[in-house]
Amino acid sequence: MSSSSLTFLGAAGTVTGSKHLLEVGGRRILVDCGLFQGLKELRTRNWEPLPIDPRSIDAVVLTHAHLDHCGWLPRLVAGGFRGRIFCTPGTKDLCSLVLPDSAHLQEEDARAANRGGYSKHHPALPLYTMADAARALERLQPVGYERPVPILGTDWGRSRDGVGTESTPSPTVEFVNAGHLLGSAYAKFLINDRIMLFGGDLGRYDRPVLPNPSPVAEADYLLLESTYGDRVHEPDDNGARLAIIIGQTIELGGKVIIPAFAIGRVEELLYWLGKLEEAKRIPVLPIYVDSPMAAQALQFYSNRLNELDWGRSGDGVDSVPTPSLRHANVFATTRLTIVTSAQQSMDLVASRKPAIVISSSGMATGGRVLHHLAATLPDARNTVLFVGFQAAGTRGRALCDGATAVRIHGRDVPVAARIERLDSMSAHADADEIMRWLSAFTRPPRRTFLVHGEPAALAALQARIARERGWNVHIAAHRERVDLD
Ligand SMILES: [Zn+2]
């Protein structure tokens, strides 16, 4: 693969900001374009320009619609990117929710900082605007799973440095279901007979709602996520701990607050809550999904039931949606309310009645869940339950690590509530599941690059792959460029 290289512009040594630049024959493809989240030193990277001009990028390929993979797109387009953004139809649907929502939060944050005077910048500006998000959405080009498409168009034979010729086929990209989120995929490139596989985020095995990650047999170059590279999730307990946590909190007359990103985790949570309710393992409770995005996301999931998986394929039951499930309220529990208006949300924050509230963001870095946390954290009767990965530097991580107070909207909120986490609900493969996925490879990749992990997880996974599979594994460094031979 002469004159090809890979440059890590994000998610190297950390779990956010995924951006991988693939350069081939003088052309540029950016795989994922995510926001940095968490620690301030990472978030400030969102304001730094890329080391290359966005106008020089020919195309973007998106693995899925989580913000740490797509949330920098509006900034890229505002910076002059004018190519197409290839993604699956499910990813396009979800991007149409998360990008405007993210822009809205950026605008709100800037307004709040200007009002409260707690920004060093005067005036504080949003990272991007609703208009930038809309312009990014216009560039999305949906492509179904397992359909290789030429990514650099018809003028590939006339590439800038003359490497491509009429006889060299244009590089193609194909999306393969990763089982991590609706529309999630690995991006599989075929370039000059070499397979380059960008793993995106890897899903879980034998979980409800999403299918297992598709097995992959070979790749010459592999980019692999390492979020839980040093951990194994607690075994699936069929909702037992969730039922206990809810039961104990409700008995005290408290609320259960579940910070969860409005797409992905909400669906699995509702699946479990519905199941526990039906089996009378928890009382029938008012359950609120406090997110303007969630109703639409639930509809997108319901529209694509054929891409989902309804039971845990392990027990062979319900693996296909029954006719009664093939409609929009497959995720409904008995007393489910989707809260959309701000007034309804404020009323819910003020209410002291026992209830389950699912609200975003999942790492408590912003969004409506902050109002719920400010109101419930000081009271020991309440529980805050985390169901996803909590990146370093987020309020979610601080709470899981036992913080006695967290700063919300410029004031310190004491923590008396019970803090719990349920990693079994994570959408990311654990170390055993990553190894299970790698076991389908029939030959070792020439090189494997580890990304999307914090340092301890990366080191542990690198050692484990070397030990168990004997592969050449490299931990990517931020802004490192490697030549692909
Ligand atoms: Zn993800």
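Contact here means heavy atoms within 4.5 Å, and helices (H or I, at least four residues) and strands (E, at least two) are DSSP runs, numbered from the N terminus. The model is predicted, so that local features need pLDDT of at least 70 and side-chain atom pairs count only at pLDDT 80 or more, while totals for chains, interfaces and linings use all residues. Residues are numbered from 1 along each chain as its sequence is written, and side-chain values use heavy atoms, with hydrogens and water left out.

On the α4 side, C95, S96, L99, P100, A103, H104 and E107 meet M130, A133, A136 and L137 of α5. Two packed helices are described by the angle between their axes and the distance between the axes. For helix α4 (residues 89-116) and helix α5 (residues 130-138), the axes are 8 Å apart and the packing angle is about 160 degrees, where axes are lines fitted to C-alpha atoms, for helices over the stretch in contact, and angles run from 0 to 180 degrees between N-to-C directions. That angle makes α4 roughly antiparallel to α5, given that angles under 35 degrees count as roughly parallel, over 145 as roughly antiparallel, 65 to 115 as roughly perpendicular and the rest as oblique. The crossing of α4 and α5 is right-handed; a crossing is left-handed if the near helix is turned anticlockwise from the far one by less than a right angle, and right-handed if clockwise.

Helix α4 also holds D93, which counts as buried because its relative accessibility is 17%; buried means under 20% relative accessible area, exposed over 50% and partly exposed in between, with a 1.4 Å probe and protein chains only. Leaving aside neighbours within four places in sequence, D93 is in contact with F300 and R304. F300 belongs to helix α8 (residues 294-303), in which A294, A297, L298, F300, Y301 and S302 are buried. These buried residues of α8 pack against α4, α7 (265-278), β13 (286-290) and β14 (335-339).

Turning to the aromatic residues, a search of the whole structure finds seven aromatic pairs, where rings of Phe, Tyr and Trp (its six-membered ring) pair if their centres lie within 6.5 Å, and planes under 30 degrees apart count as stacked, over 60 as edge-to-face and the rest as tilted. The pair of Y271 and W272 is edge-to-face, because the ring centres are 5.5 Å apart and the planes stand at 85 degrees; Y271 and W272 are both buried. W437 and F441 likewise form an edge-to-face pair, because their centres lie 5.6 Å apart with the planes at 80 degrees, and both W437 and F441 are buried. W437 and F441 also belong to one aromatic cluster with Y186 and W471.

Charged side chains meet rings as well. R436 lies over the face of Y205, at 3.8 Å from the ring centre, and the charged end of K19 sits over the ring of W72, 5.1 Å from its centre; a charge sits over a ring if NZ of Lys or CZ of Arg is within 6 Å of the ring centre and within 35 degrees of the ring normal.

The loops deserve a separate look. G179, in the loop between β8 (172-177) and β9 (185-191), counts as buried because its relative accessibility is 3%. Leaving aside neighbours within four places in sequence, G179 is in contact with S184, G203, R204, L210, P211, N212 and P213, and the C-alpha atoms of G179 and D201, 22 residues apart along the chain, are separated by 8.7 Å.

Most residues other than glycine have a negative phi, and most peptide bonds are trans. D206, in the loop between β10 (194-198) and β11 (221-225), has a positive phi, near 55 degrees, and counts as partly exposed because its relative accessibility is 27%. In the loop between β15 (355-359) and α10 (369-376) lies S361, and the peptide bond from S360 to S361 is cis, with omega near 15 degrees. A364 lies in the loop between β15 and α10; the phi of A364 is positive, near 55 degrees, and A364 is buried, with a relative accessible area of 0%.
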